[in-house]
Each structure stands twice: as structure tokens, then as C-alpha cells.
Amino acid sequence: MKRLLTFLLLGCPLIPAQAATQSDNASSPYTADFNTEGKTSGLAQGWRLQVSEGEVSPALQNIGDGTSQTVSFQERATATLLSEMIPVKPGENYVLHFRARREGRFTYFLRPLFFKSDTWDKPVEGDKQTVNDPQWKDYRLPVTVPEGRHFLVIQAWIVGDAGTAWLDDVQLTPAPEAAATDTVDTAIAPALPAFGPAPAPLPTDTTPAVEPPAKGYGVAMHNGVPTVFCDGEPLFIQAFHNCTWNYKASVGPLSQEMSGAGVHVHMLQTALDWGEEFASGGVGLYGTARNTLDKRIEAILAMDPQARFILNVHCFIPDTWYDKYPDEMVQAEDGTLVKFRPGAKRGFNSWASPKWREEINRRIASLIGHLKTRPYYDHIVGMQSFAGWEGQWTWPRPHRDAYDDDATVNRLNQLTADYSPAMVNYFRAWCRQHYSGDLAKLRAAWDQPEVTFDTIAVPSQDLIAESDLYEFKDPSNPRTRYVADYFEAFTDCRVEAVLEFAHTVKEQTRESPILSGAYFGAVLFAHIGGTKNVQRELHGYTRRFYESPDLDYFTSPPHHYVHEVGGAAVMHLVVDTMLRHGKFVILENDIPTHLRKERRHQFNQPGAVAKDLSESIAIVERSFAFVVTRGLGVWWWDEEMDQETGEPVWYSDPALFETLAETTRIGTEALDWDRSSASEVAVIYSEDANLYLQSTARGIGRDLLMEQVLPLMKLGAPVEFYELTDLDNIPPRKLYVFWNVFHVPADERDALRDAVRRNHATALWVYAPGFVSDTELSADNITALTGITTRLDNRKGVLDTRISNSAHPLSKPLFGETVGSMRTDEFSERRRETDEIATYRTISGAATTAANQKREQTDVIGPHFVIDDPQATVLGRSTETGAPTLAIKKYADWTSVYAAFYPVNAPLLREIAREAGVNIYDEAGDIVYADASLLGIHAATPGTRTIRLPEPADVVDLFSGETVAQDATAFEMDVTEPVTRLYRIQPSTKD
């Protein structure tokens with residue numbers, strides 16, 4: 001069956017280009033003419049149609065008292081309607097006005113194309129104005145003609161399935177005042193008295209002081225960072241994942257090469273003893289759990305007496321539990337059990353299962369009892385709990401082979417909550433404690449007058465998926481509170497399990513301590529599945545983790561969707577909050593090298609992986625620069641190592657081991673250097689904001705986080721990541737980026753501002769800061785938090801913002817550029833192409849309906865917010881409406897910058913940071929890591945960089961040994977190919 005897409009154009013005369021070609025007419029107004037008189041081609045005079053795909057039939061029709069330009073599409077089609085050449089003046093400002101509406105499923109936008117001459121040479125594209133509204137709407141698109149361009153063509157672009165697009169009253173008018181329109185007096189505005197007296201300063205160091213143990217292993221502060229100690233001496237933790245259960249392979253070529261490079265710490269997989277019932281992780285192939293572990297450790301120590309071990313303890317249960325204890329297993333609403341692949345012999349237990357906790361605790365204690373009898377016990381650095389999907393304490397994924405049909409697997413993949421009896425019982429107990437046994441309070445909170453503590457149910461999937469305003473949930477809606485209570489309880493039951501296992505390790509090893517940790521914390525990477533995935537991965541850092549004396553460290557992989565050459569090494573974790581509370585952190589570096597063979601992961605494809613040895617070394621050194629400047633540990637993983645021989649694959653080039661030998665040397669030397677933070681930028685992430693967003697795989701819950709990570713890392717200065725509730729524990733910074741801080745109770749607003757005011761700092765607020773209070777969704781909350789008057793624009797559209805202020809020093813370098821767009825090269829085009837869950841991809845002639853839907857669900861966002869503050873300096877305006885969406889407002893003791901869009905790109909972040917007084921080390925968009933003694937820079941594009949230091953210093957390249965500069969505040973760095981440089985920054989030796 002053929003589908004029809006109709007394009008209607010209504011309007012007034014467009015002055016022909018040939019009638020206005022003289023330069024003295026180039027600033028005249030232009031209006032479109034779609035009269036039918038004397039026109040037989042089916043197109044308005046001066047307009048032409050280009051068709052890339054599909055059958056398209058243009059025709060002119062009379063509708064009412066106006067004339068329409070109709071373009072009919074059959075099946076899928078891609079076409080552009082183009083005006084004639086319109087002469088314009090280079091560097092001049094214009095405004096493209098038009099009215100438009102749309103109905104149907106397709107993409108529709110207008111933009112100018114700029115040409116050097118009237119011969120249709122290669123055009124420069126201007127900003128787009130997307131049409132999404134089903135009702136008539138007036139649009140105003142500011143246009144600045146690039147230098148050297150003398151002609152402009154209006155392009156109406158449309159692609160998709162079926163529908164109708166209308167266009168009317170097309171006008172291009174000169175706007176010589178456009179550059180100054182948004183330029184407001186940039187004098188500092190008076191402080192608002194409502195903000196009260198200046199807050200007291202915080203102490204510079206509030207990290208807990210813990211003495212390292214005289215015997216055994218522990219974590220204590222050392223030279224500014226949490227550090228692992230053994231028998232009172234600090235250790236640099238550089239390990240590798242000796243990922244085999246075969247004791248012969250465990251001392252194979254990879255292990256030998258790592259030992260030669262000084263990497264003496266082995267990460268070993270360790271099963272708990274379940275007998276023949278559960279031979280997990282290959283134990284069944286090589287013997288019993290303890291026998292296999294003993295043989296591997298003994299073989300490794302025979303090869304390398306300096307070897308130490310971190311044990312990855314499998315806290316899994318056997319699949320026999322599906323039949324024996326189904327009430328302890330994760331279940332869907334209808335009771336369907338979530339199952340792993342057949343043959344793995346693993347089951348997915350509920351985090352709330354008391355039987356699972358009891359069994360794992362007992363078996364961990366038994367394993368430790370065995371270890372303490374072995375002569376190698378003093379070589380055990382620590383143990384980490386390894387549970388859930390891929391061991392990272394994450395939500396289970398059903399396996400296709402465990403079910404008879406794809407429909408069941410797809411349904412279970414959409415599951416957000418656990419409906420097992422174990423979880424129901426836990427939720428009921430949690431609510432009884434949370435509401436202090438007050439049934440009337442519970443009933444009022446949920447508006448469930450009949451509920452009792454014994455009849456509480458887990459919220460339905462339909463209820464979890466509800467929202468009140470686009471993707472936002474209204475906190476005054478009792479259904480919102482009900483769902484939020486469930487997810488808080490769900491988080492607590494997992495936190496309790498992590499702490500329980502950690503406590504068991506500590507209790508069992510008090511005489512000769514080892515470290516207790518968890519392979520845990522996929523906070524940022526959870527956003528690959530949007531809010532849906534975040535809600536089932538909520539981690540609860542702020543509840544009890546940081547206060548617990550039982551947890552020494554966490555380990556987690558890097559953020560894989562930014563790890564390509566030119567990207568960044570950054571972890572899933574809110575890492576700096578962990579460090580601030582004295583917890584050690586270990587990076588699992590599982591990034592493939594150019595030698596990888598398999599392509600099992602989306603992030604393991606061409607374009608995401610180093611293409612040669614040089615790039616592989618640059619990535620390894622980048623990961624190390626991140627680790628050593630943060631005071632972290634690292635373990636390297638050759639995921640394709642031969643499990644029977646121990647032959648390396650990813651690390652099979654000797655040059656890679658030479659690189660690791662250098663990182664061993666530098667990491668060990670750095671233990672004696674001042675490693676306190678050099679960052680002046682704190683990025684603030686909110687965990688509980690996700691409780692007030694719709695459970696969806698796309699939209700705000702995904703892209704505001706996923707698409708912002710890389711621009712933050714490319715700011716040109718080191719940044720730190722903190723959780724919102726840790727704000728009072730952060731030393732003063734010059735710039736605070738409030739990332740996803742949607743939910744701010746009214747009584748906490750002053751505390752947020754006080755953190756900024758303590759250091760006369762700048763706050764950058766992104767998209768909807770404080771929009772959600774404890775009682776309402778309101779733009780007045782944004783005003784109260786940011787100090788910038790804001791109103792709600794209750795519509796849906798793209799968030800693109802054009803920098804419109806050419807006078808303010810912050811916006812002047814970016815004047816005319818578009819920000820807040822996810823249709824630019826900067827925002828992870830490759831990642832969007834390969835993301836199975838998410839998102840927009842560039843729509844070309846081979847467009848598909850699915851691609852259009854993905855684009856709309858990702859880029860087209862509601863609601864919007866408009867800055868309406870005469871005391872604020874407007875810096876940017878919506879490309880759709882012309883309304884202010886970026887502004888700065890200065891107070892006596894702080895500065896507020898509000899970007900009512902996302903993502904904020906790296907150049908804009910850099911200018912905001914510069915305005916805040918942050919030292920910009922590198923202007924080229926490279927990745928920068930730094931502490932008090934070290935500076936790491938990862939650069940992918942050729943050219944010469946000028947690296948600027950905050951104060952005079954001597955600079956030594958630690959990889960080459962070369963002295964780069966002495967008594968310098970700046971030095972040059974030449975880049976010919978992707979490279980990572982790591983510099984020692986020392987106080988100037990000049991007298």
C-alpha cells in the first residue's frame with residue numbers, strides 16, 4: 001500500500017534573484033511568491049525540487065484565498081525544495097521568518113545555504129530551524145552570512161513516510177542590529193538580598209584520616225590521595241586480569257611478560273565452593289574451586305615470588321535454585337523467571353533474597369578460612385564481591401537461548417522492577433521502617449486508602465512508565481512517591497548486600513587485614529539504557545557506602561562510549577566522591593588494542609579501536625595518565641588471552657610491555673609526590689534525579705548524561721565528578737557544573753548556592769536545574785535556585801541554541817555558532833550509530849522510519865525553558881523560537897550561568913571556565929588530566945599546542961625523560977600523530 005506525504009507552501013512574492021543582483025540591493029527584504037498565475041511547472045516561480053529517493057509529484061493548487069505549493073511523496077521519500085539565489089552581503093545579519101506546521105511521520109526543517117557565487121558551488125550550511133508543531137507557528141531564524149559568501153538559498157528539507165508539511169509567509173529581512181540585539185549591559189548586577197550572608201568557608205581537606213595497618217593491607221591517605229598500604233608501606237596497584245582457571249595458562253607468556261614489566265599483581269577469578277552442584281566460571285574444567293585457586297597461586301608464586309593477588313569472588317548461585325527456591329529469583333509481573341544462558345549453570349537471584357545473602361556470607365567466610373591456612377595468605381591484597389550481570393552488581397539480562405520465543409525475551413528486557421516474593425517482602429519491611437509504622441502516613445503519601453503494610457505490592461511496569469509532564473514525574477503525584485519509594489528500597493537492599501559481604505571479609509581477616517571491595521558502580525555507563533536502566537542500576541552511594549569502615553575500594557570499567565582515540569579515560573563511577581571519602585578506586589582497563597581479533601561489543605568495532613601500535617600505546621598511556629593523576633589503581637585485561645596456553649592477543653606486541661614497564665616505574669615514583677587535586681572544576685551529578693524521570697530508554701535520561709561526558713573531558717582543564725549530596729564536602733572550586741540536578745527540595749537550595757558562593761565561584765546550570773521540588777514541577781524553582789528568572793515553554797522541539805551575543809567576552813569567540821545540538825560531529829556520531837538501545841543517526845537518502853523515530857525520541861525534547869530576566873545578560877537564543885536560552889548573571893559573591901539546553905559543547909564549557917578564572921591548560925579540545933605534580937594530555941589531531949600552567953614550573957616529559965621547560969608558565973607541545981604526554985610539574989628551580 002502506497003503512503004502519501006504532501007508538502008504545501010503558502011505565501012507571497014519572492015523577488016527574483018535576477019531582479020536584485022546588484023550589491024546595493026543585497027540588503028533589501030525578500031518575500032516568497034506562490035501565485036499560480038503564469039506558472040505551469042507545478043512549482044512556484046524561482047523554486048526547484050531535488051529528489052533523492054521516492055516518487056515525487058509537484059503541483060500548484062488553490063486552497064481558500066491562498067495558493068499552495070504541493071509536493072506528493074509515495075512510499076519513503078527524501079527531497080528538498082530550494083528557493084532561487086538571493087543576493088546577500090558577507091558578514092551581514094538577516095532574519096528568516098516563516099510560518100509552518102506539520103502532520104505525519106517525517107523530519108522537516110528549513111535552513112539557509114550560502115554560496116560564493118550564483119553558480120551553485122559547494123555551499124556552507126547555516127543553522128537549521130526544525131518544524132515539529134502540529135499547529136501553525138511563527139518561526140524566526142537568525143542568519144549571519146559567512147565571509148566570502150554572496151548568495152543565499154532557502155532549503156526546505158523533508159524525509160520520511162507519510163504526512164503533510166505546510167509553509168507560509170516566507171521572508172528574509174536584513175537585521176543589521178542582530179549582533180547587538182542580545183548584547184546587554186555586562187556590568188555586575190547587584191546581589192539579591194534573599195541569598196543572605198556569605199557562607200563560612202569549608203576546610204580544604206575533610207577526607208577521613210585513617211592510619212595504615214602496621215601488618216597486612218589497608219587504605220589510608222598519603223600525599224593527598226587514598227593509597228593502598230602493605231605492612232605500613234605504600235603500594236602502586238598496577239595489576240592484570242589473569243583470566244584463566246587453568247594453572248598452566250596462569251603462568252603462560254602473558255603472565256611472564258607482565259611480570260617482566262613489573263606488573264606483579266594478578267586479578268584472579270575465584271569461585272565459592274558449591275560442590276558438583278555449581279561449577280562456575282570454568283572450575284568444572286580444572287577441578288574444585290579451592291584446588292584450582294591453590295594451584296594457580298602456587299604456580300604464579302613459583303614463577304614470580306613478588307606476585308600479589310586480588311580475588312574476584314563469584315557471588316553467584318546455581319541455576320538449580322530456579323526449581324528449588326523460585327521465590328528468591330528475579331521475576332516479572334506474571335511470575336516469569338529471568339534466566340541466564342543454558343549451560344552457564346548460573347541463576348539470577350533477587351538482591352533482596354535473604355537465602356542468597358546467607359549462603360554467600362557463609363561461603364565467603366569458609367573461603368577466607370581456607371586462605372588463612374595457606375602459606376601464600378600474605379600475598380592476598382584483597383577480595384571483591386562479584387555479583388549480578390557480568391559481576392558488576394548490575395541488573396540481570398535474560399538470555400535468548402533460555403526461552404522459546406523472542407517475544408518473552410523482549411518483554412523481560414523491558415523489565416524495570418523485581419516482582420519476586422523476596423523483593424515484595426523486603427519492600428514491605430522497608431516501607432514499615434521508612435514510615436515508622438505509621439499506616440496513615442503511608443496511605444496519604446501513596447493515596448492508597450486501603451493499603452496495609454502486609455498488602456504492599458511492587459508498582460506495575462505501566463505505573464513505573466508513567467510521567468506527568470513529558471518525561472518528568474510530578475513529586476506531588478502520590479503515584480510518583482509510590483514508585484520512588486520502590487526504587488529507593490530496591491537500592492537499599494543491594495547496598496545492604498554489598499556491605500554485608502564486605503563486613504564478612506573484614507571480620508574474618510582482622511588479625512592480618514586484607515582489602516574488602518566491590519566490583520560495582522556503573523552509574524554513568526548505566527545511561528546507555530536511559531532512565532529505565534539507571535533506575536534498575538541505582539547505586540546508593542550516599543546512603544551508607546561512604547560511611548562504612550568495611551569497604552576499602554571499588555573497581556569498575558572505563559566509560560566505553562568515549563574511549564576511542566581522541567576520547568577520554570573516565571570511569572563509570574562518580575569517582576571523586578569516592579576518593580573524597582577515603583575509598584580507593586581501581587580502573588578495569590578492558591579497552592582493546594589494535595591487535596584484537598573478535599568484535600563482540602559495539603565499542604569494539606572499527607573507529608572505536610586503535611588502528612595501529614602507536615594509537616594503542618597512546619590509549620594505554622592515556623588510561624595511565626588518568627589513573628596516576630587521580631591516585632587510582634589499574635588492572636589491564638587482555639580479554640582474548642588463550643585460556644589454555646596463556647598466550648596474549650591484545651598485548652602480544654613487546655612494545656606494549658615496554659610501555660607498561662614505564663607506567664610501573666612512574667606509578668611507583670609518584671607515590672612520593674604530592675598528588676592532591678589540581679582541579680578547579682567540579683561536575684555535580686544527582687543520583688535521585690532519576691527517580692523523577694519517566695522510565696524510558698531514550699530522551700533526557702540518556703542523552704543529557706551520555707552526550708555530556710566527552711565535552712566535559714575536552715574542556716581543556718582537569719574536571720572532577722561528585723555526587724550532589726557530597727557538595728558540602730568538596731573543597732572550593734572556581735566552576736561548578738550542575739549536570740542533572742533536577743530535584744532540589746526547597747530547603748536545600750541555599751546549600752547549593754552556598755557551595756558556589758564560598759569561593760566567589762561560577763555555577764553552570766544545565767537544562768532543568770531544581771525544576772523538581774518536593775511538591776511541584778515549576779520553572780519558579782529554577783528561578784529560585786539559579787537566581788535567573790525563568791519561565792516554562794511547554795512545548796516539544798530541539799534544544800539547539802545559537803550564540804547571539806557578540807560583545808560579551810564569554811560568548812564573543814563563539815558568536816554565531818550553534819550549541820545544544822546532538823546533530824554535530826562532536827556528539828558521538830559513531831556511538832549513536834552502534835548503540836542498540838538508543839538513538840539518532842544521520843538521515844540520508846536511505847532513511848528509514850525507525851531512524852526517524854529514534855531521532856525524534858532523542859533530539860525532540862519537552863518541556864523547554866525560557867530565560868526572562870532583564871538583569872541577566874543573554875548570550876544565546878533558541879534557533880526555533882529566538883527566545884533566550886543561555887544567559888549569565890553576576891552577583892556580588894558568585895556568578896550564575898544558565899544553559900536551558902543540553903549538551904553543552906566543549907568550546908562553550910571552555911569559555912565559561914575561562915570566565916570563572918579556571919586555568920585553561922590546552923585550547924585544542926584535547927583531554928587534560930592533572931594533579932599537584934603531574935599533567936597528562938591526550939591529543940589526537942596534528943598541530944602545535946601551547947600548554948599554559950597556573951604558575952611557573954619546571955616541566956619534564958616522564959615517558960621520554962626530556963626537560964621540556966624551566967621556570968615556565970607555558971610551553972609548546974608538537975603533535976604529529978595521536979599521543980599521550982605525561983609531564984612532571986615541579987616548582988621552578990630558578991633563584
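1. Is Asp 447 buried or exposed in this structure? The model is a predicted one, and in it Asp 447 is exposed, because its relative accessible area is 55%, while the cut-off for exposed is over 50%. Asp 447 sits in the loop between α9 (439-446) and α10, and although Asp 447 is not a glycine, it has a positive phi of about 55 degrees.

2. A second residue to look at in the same way is His 760, which is found in the loop between α19 and β28. Phi of His 760 is also a positive value, near 50 degrees, in a residue other than glycine, and His 760 counts as exposed because its relative accessibility is 57%. The loop between α19 (749-757) and β28 (762-766) also holds Arg 758, which is partly exposed, with a relative accessible area of 22%. The C-alpha atom of Arg 758 is separated by 6.9 Å from that of Pro 732, although the two residues are 26 residues apart along the chain.

3. For the protein as a whole, the model has 23 helices and 40 strands, and buried residues make up 62% of its 991 residues. Of the contacts with a separation of 6 or more, 76% are accounted for by residues 24 or more positions apart.

4. Trp 47 gives an example of a buried residue, since its relative accessible area is 6%, and the cut-off for buried is under 20%. Its place is in the loop between β2 (30-31) and β3 (48-63).

5. Glu 471, in the loop between α10 (461-464) and α11 (478-508), deserves a careful look. Glu 471 is buried yet has no salt bridge, and the nearest side chain of opposite charge, that of Lys 796, is 6.6 Å away. Leaving aside the neighbours within four places in sequence, the residues in contact with Glu 471 include Tyr 692, Leu 693, Gln 694, Arg 698, Ile 861 and Gly 862.

6. Pro 863 is in the loop between α22 (849-859) and β32 (864-867). Another cis peptide bond joins Tyr 902 and Pro 903, with omega about -10 degrees, and Pro 903 lies in the loop between β35 (895-899) and α23 (906-915).

7. How many cavities of 30 Å³ or more does a search of the whole structure find? The search finds eleven, and the largest cavity has a volume of about 110 Å³. Its lining has 17 residues, of which Phe 348, Asn 349, Trp 351, Gly 388 and Pro 396 lie nearest the centre, and the elements that give two or more residues to it are β18 (346-347) and β19 (380-388). By class, this lining has ten nonpolar, five polar and two charged residues.

Notes: Residues numbered from 1 in each chain as written. Predicted model: local features only at pLDDT ≥ 70, side-chain atom pairs only at ≥ 80, totals over all residues. Heavy atoms only, no water. Helix = DSSP H or I, 4+ residues; strand = E, 2+ residues; numbered from the N terminus. Buried < 20%, exposed > 50% of the residue type's maximum accessible area, 1.4 Å probe, protein only. Lys, Arg positive; Asp, Glu negative; His and termini not counted. Salt bridge = Lys/Arg side-chain N within 4 Å of Asp/Glu carboxyl O. Contact = heavy atoms within 4.5 Å. 1 Å grid on protein atoms, 1.4 Å probe; cavity = no way out; pocket = protein on both sides within 12 Å on 5 of 7 lines; lining within 4 Å. Points joined across faces, edges and corners; volume = space filled by probe spheres on them. Nonpolar A, V, L, I, M, F, W, Y, C, P; charged D, E, K, R; others polar.
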